[in-house]
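Welcome, and take a moment to look over the model shown here.

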Amino acid sequence: MRVPPEFRDRDDTQVAVLDALVGRADDGMTVLELRSGVDATIDEVEEALSGLKSAGLIEVEQTDGRVRIYPDDRVVPDAGEHVDEEAGLLDAIRRRLGL
């Protein structure tokens, strides 16, 4: 599952983190799980998490000494909603070209 287009106008690492979190919205993910699921360094993941937290797009819960990160409900598409994979690719190309 992918993040809806209205949340894809962010840094590539932030979008990758959101995509990973949306894929596991019910269970959440640890920073280590995110690091293994996103093609970025740990510093880039932490920077992305900081930006997403500031924007209110993720929630962080600590229970039993474990920190789990969840996407905010508004970032998770409805079950019947289809997010166009092509649009994400085209947006990424436009960002790279500065269009």
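How many helices and strands does the secondary structure of the protein chain come to? There are four helices and two strands, and from the N terminus on they follow the order α-α-α-β-β-α. Please keep in mind that this is a predicted model.

Here is the chain as a whole. Of the 99 residues in the protein chain, 35% are buried. Its accessible surface is about 6200 Å², and carbon and sulfur atoms hold 47% of that. Among the contacts with a separation of 6 or more, 53% are between residues 24 or more positions apart.

Now to the helix α1. The table lists the elements whose residue ranges come up in this report.

| Element | Residues |
|---|---|
| α1 | 12-23 |
| α2 | 31-37 |
| β1 | 58-63 |
| β2 | 66-71 |

α1 has 12 residues and spans 17 Å from its first C-alpha to its last, close to the 16 Å expected at 1.5 Å a residue. At its start, a side-chain oxygen of D11 comes to within 2.9 Å of the backbone nitrogen of T13.

Is α1 largely enclosed or largely open? Nine of its 12 residues are buried, so the rest of the structure largely encloses it. Among these buried residues are T13, Q14, D19 and A20. Their cover includes α2, α3, β1 and β2.

R8 lies in the segment before α1. With a relative accessible area of 8%, R8 counts as buried, because the cut-off for that is under 20%. The side chains of R8 and D19 are joined by a polar contact of 3.0 Å, and D19 is itself one of the buried residues of α1.

β1 and β2 run antiparallel and are joined by six bridges, with E61 standing opposite R68 in β2. The two strands form a hairpin with two residues between them, and D64 in the turn has a positive phi of about 50°.

Conventions
Residues are numbered from 1 along each chain as its sequence is written. This is a predicted model: local features need pLDDT of at least 70, side-chain atom pairs count only at pLDDT 80 or more; totals for chains, interfaces and linings use all residues. Side-chain values use heavy atoms; hydrogens and water are left out. Buried means under 20% relative accessible area, exposed over 50%, partly exposed in between (1.4 Å probe, protein chains only). Contact means heavy atoms within 4.5 Å. Accessible areas come from the Shrake-Rupley method with a 1.4 Å probe; for residues, only the protein chains shown count as cover. A polar contact is a pair of N or O atoms within 3.5 Å; within protein, one must be able to donate a hydrogen and the other to accept it, and residues adjacent in sequence count only if both atoms are side-chain atoms. Two strands pair if DSSP finds at least two bridges between them. The expected span of a helix is 1.5 Å times one less than its number of residues.
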